[in-house]
Amino acid sequence: MRVQGEAMGSSRKFYDLTARERLEVLEAVGEISADDAAELRRVNEAGVLPVDVAAHLIENQVSQYALPFSVIRGLVVNGKSYTVPMVVEEASVVAAASHGAHMAARCGSINAQSEPHRVIGEIVFEARNVSVEKAQSILVSRGTQIQDIARTALPSMHARGGGLESIEVDSVGSFTRFILTVNPCDAMGANAVNTIAEALKNALSQWLGASALVAILTNSGQASVTTAEVELSPESVAVRGSDPEQLIQRIARLSDLAAVDPQRAVTHNKGIMNGISAAVVASGNDWRAVESSAHAYAAKNGTYKPLSTWQVNEKGNLCGRIEIPLQVGIVGGAASSLPVAKIARRVCGCTTVDEFKNVLAALGLVQNLSALRALAGPGIQAGHMNLQMNALAIAAGARGEEINKVVEQLCALPSDKRTSATAEYLVKALRA
């Protein structure tokens with residue numbers, strides 16, 4: 001976009017401006033009001049990030065956007081208790097995660113394990129230009145050179161024991177693919193794979209006499225899956241006024257439903273990702289990559305399936321299991337630039353990427369447990385609506401001690417009276 005002279009008296013491009021100047025442009029062309037511009041300036045100057053850091057993290061930055069930073073405590077994984085930071089806007093997510101972690105801890109520990117942390121890349125050619133046989137012959141004749149190129153592309157990672165581990169060839173549709181398996185050590189691995197893939201693309205294109213269509217990582221994550229399991233007694237998940245044995249049977253049946261009904265499976269998995277994504281955001285990792293790989297894994301056999309399963313075993317206990325790919329890291333990435341993300345990683349205390357993946361999988365499992373327990377027992381809305389009263393009070397303009405007072409009054413009303421209009425009335429009444 002080129003900034004118009006009447007807006008700025010300049011022909012500089014929008015991305016060349018400062019955040020304050022961009023807001024002036026948006027205000028001048030009527031896309032935001034003067035009050036909106038003033039509020040965005042105030043938020044940017046008072047934000048968590050220093051203004052110059054925020055300005056250089058993304059393009060066209062105009063302000064900052066804050067979400068609550070929370071923690072759950074007592075998530076016991078492989079015998080160790082973790083405090084897990086979460087960043088999320090939905091009131092019920094942290095409460096559900098905390099409750100799920102507490103239920104699991106009553107019965108001991110969640111057991112989790114991760115396959116070796118690996119990331120996959122692809123270098124793709126048109127099959128009409130490069131056959132599988134021709135590509136395979138290059139692997140045989142140029143194998144040493146391929147390893148040398150990959151090592152030169154990322155010497156520091158190679159020195160730490162990572163880098164390109166293997167390369168294979170296959171075909172899909174009308175394409176021939178070189179499939180790279182990379183050990184990114186404790187990093188998420190996207191930059192590592194892309195760097196190696198692009199270095200090899202140039203050499204392969206020259207050797208094969210054809211231009212590659214693309215050279216990039218895949219976010220499928222299926223090369224490295226994390227599993228977590230938990231066994232719970234009926235009493236540990238009991239809901240007041242209900243039969244514990246019947247409750248866990250209903251949870252198991254809800255799991256069975258998700259296994260045959262993709263419509264239910266989507267919401268089942270969304271509940272899992274409520275916890276995982278919130279922890280991934282807090283850690284400064286790429287939550288879009290984590291979510292896309294999780295949902296791709298759920299559909300890996302051609303039908304969308306639940307990522308977790310629950311069943312009642314021969315002892316009468318409820319057993320949960322989750323399998324999920326988790327493309328995350330504990331070094332590098334946005335956390336290097338985000339101070340709070342650095343703190344979040346220290347709070348969690350994971351010293352290896354596999355440990356962090358184990359914690360994330362366990363968090364997703366207990367988040368799922370809380371949701372299923374609510375569905376099988378009192379219903380999902382009972383807890384949700386109570387927690388939403390805080391958000392309703394704040395949206396109505398309540399501040400400070402007003403929030404608690406408005407929430408108290410809203411909770412005392414019938415559910416059909418807990419509306420934004422009622423909240424606004426209560427705020428005005430308090431101030432009157």
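**View 1. The lining of the largest cavity.** V84, P85, A279, A282, S283, A344, R345, C348 and F356 line the largest cavity. This is a predicted model, in which local features need pLDDT of at least 70, side-chain atom pairs count only at pLDDT 80 or more, and totals for chains, interfaces and linings use all residues. Residues are numbered from 1 along each chain as its sequence is written, and side-chain values use heavy atoms, with hydrogens and water left out. A cavity is a set of points, on a 1 Å grid over the protein atoms alone, where a 1.4 Å probe fits but cannot get out; lining residues have an atom within 4 Å of a point. By this rule, the count is one cavity of 30 Å³ or more. The largest cavity has a volume of about 40 Å³. A volume is the space filled by probe spheres set on the points, and grid points are joined across faces, edges and corners. Strand 2 (80-87), helix 11 and helix 13 each give two or more residues to this lining. Helix 13 gives the most, with three residues. Helices (H or I, at least four residues) and strands (E, at least two) are DSSP runs, numbered from the N terminus. By class, the lining has seven nonpolar, one polar and one charged residues. Ala, Val, Leu, Ile, Met, Phe, Trp, Tyr, Cys and Pro count as nonpolar; Asp, Glu, Lys and Arg count as charged; the others, Gly among them, count as polar.

**View 2. The largest pocket.** A pocket is an open set of points with protein on both sides within 12 Å along at least five of seven lines. The largest pocket has a volume of about 1,400 Å³. Of the 41 residues that line it, Y65, L67, V87, V281 and W287 are the closest to its centre. Several helices each supply at least two lining residues: helix 3 (34-46), helix 4 (51-57), helix 11 (262-282), helix 12 (287-298) and helix 13 (339-348). Helix 11 gives the most to this lining, with seven residues. The lining divides into 25 nonpolar, ten polar and six charged residues.

View 3. Strand 1 (residues 69-77) pairs with strand 2 in the antiparallel sense over seven bridges. Two strands pair if DSSP finds at least two bridges between them. V71 has P85 in strand 2 as its bridge partner. Two residues lie between the strands of this hairpin, and N78 in the turn has a positive phi of about 50°.

**View 4. The open sheet with order 3-8-10-9.** Four strands form this open sheet, with antiparallel pairing. Strand 3 (111-114) and strand 9 (308-312) are the edge strands, each pairing on one side only. The twist averages 10° from one strand to the next. Axes are lines fitted to C-alpha atoms, for helices over the stretch in contact, and angles run from 0 to 180 degrees between N-to-C directions. Four bridges join strand 3 to strand 8 (residues 225-232). N111 stands opposite E229 in strand 8. Helix 14 (residues 353-376) packs on the sheet and touches strand 3, strand 8, strand 9 and strand 10 (318-325). Contact means heavy atoms within 4.5 Å. The direction of helix 14 makes about 45° with that of strand 8.

**View 5. The open sheet with order 5-6-4-7.** This open sheet has four strands and antiparallel pairing. Its edge strands are strand 5 (163-172) and strand 7 (214-218), and each pairs on one side only. The twist averages 25° from one strand to the next. Nine bridges join strand 5 to strand 6. V172 stands opposite F175 in strand 6. Helix 9 (residues 190-208) packs on the sheet, touching strand 4, strand 5, strand 6 and strand 7. The direction of helix 9 makes about 25° with that of strand 4.

**View 6. The aromatic pair.** A search of the whole structure finds one aromatic pair. Its rings, F125 and F178, have centres 5.9 Å apart and planes at 70°, so the pair is edge-to-face. Rings of Phe, Tyr and Trp (its six-membered ring) pair if their centres lie within 6.5 Å; planes under 30 degrees apart count as stacked, over 60 as edge-to-face and the rest as tilted. F125 lies in strand 4 (residues 119-126) and F178 in strand 6 (residues 175-183), so the pair ties together parts 53 residues apart in sequence.
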